[in-house]
Amino acid sequence: MKRNANRSNTRTKLLSLAAVAGLLLTSCGSDESAADPDAPVELTFTWWGNEFLNKQTQAAIDSFEDSHPNITIKPQPGEWSSYWDKLATVTAGGDTPDIIQMDQKYIAEYGGRGALLDLAAQDGIDTSNIGEDDLASGQYEGSQYGLSTGFNAYVIMANTALFDAAGVPLPDDKTWTWEDYRQTAAALTAAGNGDSYGASYGSNEGNFIIWLRQHGEQLYTDDGELGFETATAAGYWEQLKSQLDEQASPPVTIFTEDNSASMESSMFGTNKMAMSWWWTNQLGSLEATTGTDIKMLRPPSSEGSVSSNGMYFKPTMFWSASSRTEHPEETAEFINFLINDKAAGEALLTDRGVPTNSEVKESITDALSPANVEVLDFLAEIEPDVDSAPPVPPVGASDVQNVIVRYTSEVLAGSMSPQDAAEAFKKEVEGMIQR
């Protein structure tokens with residue numbers, strides 16, 4: 001109940017944000033320090049992350065302040081679980097931080113309501129070393145509301161220790177099918193004897209997108225409509241139900257608990273799940289958490305082909321700015337530092353994704369851990385088979401992830417058929433976007 005209440009609060013606050021959209025659009029801040037470039041300026045900067053990421057971010061802030069003595073960055077770190085509730089609250093109240101770490105599913109939600117600064121209109125930001133696709137991932141209705149911190153891919157992480165203990169060989173991820181995936185996971189579950197399971201359920205929005213792309217469809221079209229057939233969505237939930245029926249994955253009670261767990265307390269993080277879906281930039285943290293070697297695997301597909309497995313490069317997150325900042329010039333200067341300065345790259349490395357700036361990416365290679373080098377090599381290996389990124393989610397779609405989880409729970413519990421879940425899901429999401 002508590003999690004559902006939190007989601008409801010977030011939606012309520014986003015509606016409050018919509019109510020003040022006109023104010024946001026007409027009262028963008030003006031840079032009061034423009035007349036005196038040496039005048040003291042304080043900028044607030046919010047992000048989500050763990051202790052390790054906070055230390056990295058502070059190192060980047062320190063480096064920027066060393067070279068910009070008149071600018072002070074006031075850090076406001078947070079945790080993912082409460083980050084969006086807090087951001088919606090302060091934005092609706094007109095007190096948005098100057099610099100915001102943003103997720104793609106909220107780019108249109110905030111940018112489309114006038115809460116974000118158009119970074120393309122800021123003279124102090126150089127995007128000449130950023131690819132067109134990376135830039136497009138942060139654009140909505142012709143405005144650049146976010147600049148990607150880096151990119152990653154959604155993959156299956158395999159705990160090699162559990163594979164070895166079970167005597168199950170790692171699959172060939174270039175040829176395996178969904179049937180191979182279930183059979184491998186079922187063998188791992190059997191060997192786990194109730195102490196561990198073969199595979200988690202893929203109930204992330206990324207899973208759904210990959211499934212649709214494997215069938216030539218997409219979650220959203222370029223013009224913000226739904227881009228999939230109900231039958232294709234039903235097939236997605238049929239696949240998850242098959243994992244339950246074939247004992248490839250744990251009972252629904254474990255799914256529900258594990259879905260809200262942190263990395264450290266998750267089934268995979270505690271070495272009780274042999275395969276689970278994560279983003280490539282999380283490899284190092286997963287190896288540190290589990291204390292074992294983790295192997296990244298491409299998703300299985302219906303045809304067993306790397307060219308049809310639906311993989312895509314996703315912006316890990318974005319740097320955005322408040323449209324109400326009183327210091328747009330200095331705000332742009334700090335964002336320009338984060339994406340273009342090699343000192344920022346050396347502080348942040350690849351934990352927010354592989355840098356989109358090619359020169360920064362090259363400059364940090366020697367400083368990367370073995371896990372991060374492995375990620376770079378993996379992303380380079382899959383690049384020939386990766387298609388273009390999905391369109392930016394439209395306004396109203398920020399809660400779709402939770403809707404997918406809810407219908408997955410209903411299907412696994414036997415309360416809904418995959419077909420009924422698909423029909424209800426499509427109708428509900430259409431309503432969210434139309435509203």
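Guide: Two strands pair if DSSP finds at least two bridges between them. Helices (H or I, at least four residues) and strands (E, at least two) are DSSP runs, numbered from the N terminus. Here, strand 6 and strand 14 (residues 318–321) are joined by two bridges and run antiparallel. Within that pair, Ser-148 has Phe-318 of strand 14 as its bridge partner.

Visitor: What should I know about the model before reading on?

Guide: This is a predicted model, where local features need pLDDT of at least 70, side-chain atom pairs count only at pLDDT 80 or more, and totals for chains, interfaces and linings use all residues. Residues are numbered from 1 along each chain as its sequence is written, and side-chain values use heavy atoms, with hydrogens and water left out.

Visitor: What is the order of the strands in the open sheet?

Guide: Strands of a sheet pair through backbone hydrogen bonds, either parallel or antiparallel. This open sheet has five strands in the order 2-1-3-14-6, and its pairing is mixed. Strand 2 (71–78) and strand 6 (147–148) are the edge strands, each pairing on one side only. Eight bridges link strand 1 and strand 2 in the parallel sense. There, Trp-48 stands opposite Gly-78 of strand 2.

Visitor: Is strand 1 largely enclosed or open, and why?

Guide: Buried means under 20% relative accessible area, exposed over 50%, and partly exposed in between (1.4 Å probe, protein chains only). Strand 1 is largely enclosed by the rest of the structure, because seven of its eight residues are buried.

Visitor: Which strands does helix 4 touch?

Guide: Contact means heavy atoms within 4.5 Å. Axes are lines fitted to C-alpha atoms, for helices over the stretch in contact, and angles run from 0 to 180 degrees between N-to-C directions. Helix 4 packs on the sheet and touches strand 1 (41–48), strand 2 and strand 3 (99–102). Its direction makes about 130° with that of strand 3. Helix 13 (residues 328–340) lies across strands 1, 2, 3, 6 and 14, at about 175° to strand 14.

Visitor: How do I read the packing of helix 4 with helix 5?

Guide: Two packed helices are described by the angle between their axes and the distance between the axes. For helix 4 (residues 80–92) and helix 5 (residues 104–111), the axes come within 13 Å and cross at roughly 10°. The two helices are therefore roughly parallel to each other (angles under 35 degrees; over 145 is roughly antiparallel, 65 to 115 roughly perpendicular, the rest oblique). Trp-80, Trp-84, Leu-87, Ala-88 and Thr-91 of helix 4 meet Lys-105, Tyr-106 and Tyr-110 of helix 5. Helix 5 is itself largely enclosed, because eight of its eight residues are buried.

Visitor: Where is Asn-159, and what does its side chain reach?

Guide: Asn-159 sits in strand 7 (residues 151–159). At 0% relative accessibility, Asn-159 is buried. Its side chain reaches the backbone nitrogen of Ala-161 at 3.0 Å. Beyond neighbours within four places in sequence, Asn-159 is in contact with residues including Phe-268, Met-273 and Asp-293.

Visitor: Which residues have a positive phi without being glycine?

Guide: Gln-247 is one case, with phi of about 55°. Gln-247 lies in the loop between helix 10 (230–245) and helix 11 (252–259), and is exposed at 56% relative accessible area. Leu-349 is another case, with phi of about 50°. Leu-349 lies in the loop between helix 14 (342–348) and helix 15 (358–364), and is buried at 19%.

Key. A polar contact is a pair of N or O atoms within 3.5 Å; within protein, one must be able to donate a hydrogen and the other to accept it, and residues adjacent in sequence count only if both atoms are side-chain atoms.
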